[in-house]
Amino acid sequence: MTHTELAWEFAAIFSELPIESINELVAKNVPMETLEFFQSYAETFGRTEALGPDALKRLPNLMLVGYLIRVLEERLLDGEPDGGPILS
C-alpha cells in the first residue's frame, strides 16, 4: 500500500467514526503536549498568514490527522502485528 492509499483509507475510516471513538483514538495515540503544540502552532501560523476564522479552527485538526497517519505509517513499517492501538 502506498502512502497515498494509506492516507485515503485512513480518511475514509476516520470520517465514519463516532466522536467517542475519535476521542478514544486520540487519547491512546497522541500525547497531550502534542495536542497543545498543534493548537499553539496553528494559532500562531494562522494569524501570521492571516487565515480566516474557519481555517484557523480547522488547522489544528488537520495537523492531528496528519500526525495520526504518520503514526500509523510508522507502526506498519515497524511491523507491529496489530498495528498498535491506533484504530482499535
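I looked up Asn 29 first: at 7% relative accessibility it counts as buried (under 20% relative accessible area; exposed is over 50%, partly exposed in between; 1.4 Å probe, protein chains only). The model is predicted, so I kept its limits in view: local features need pLDDT of at least 70, side-chain atom pairs count only at pLDDT 80 or more, and totals for chains, interfaces and linings use all residues. Residues are numbered from 1 along each chain as its sequence is written, and side-chain values use heavy atoms, with hydrogens and water left out.

I placed Asn 29 in helix α2, residues 19-29 (helices are DSSP runs of H or I, at least four residues, numbered from the N terminus). I found a polar atom of the Asn 29 side chain 2.7 Å from the backbone oxygen of Leu 25.

Next I looked up the largest nonpolar core, which has 15 residues (buried Ala, Val, Leu, Ile, Met, Phe, Trp, Tyr and Cys joined through side-chain atoms within 4.5 Å). Leu 25 is among those with the most contacts inside it, as are Phe 10 and Phe 14. Two or more residues each come from α1 (3-16), α2, α3 (32-48) and α4 (53-77). I noted α4 as giving the most, six residues.

I then checked α1 against α4: they pack at about 120°, axes 10 Å apart (lines fitted to C-alpha atoms over the stretch in contact; angles from 0 to 180 degrees between N-to-C directions). I listed the contact (heavy atoms within 4.5 Å) as including Phe 10 and Phe 14 of α1 and Val 65 and Leu 68 of α4. Beyond four places in sequence, Phe 14 touches Ile 22, Leu 25, Val 65 and Leu 68.

How values were computed:
Polar contact = N/O pair within 3.5 Å; in protein donor to acceptor, adjacent residues only side chain to side chain.
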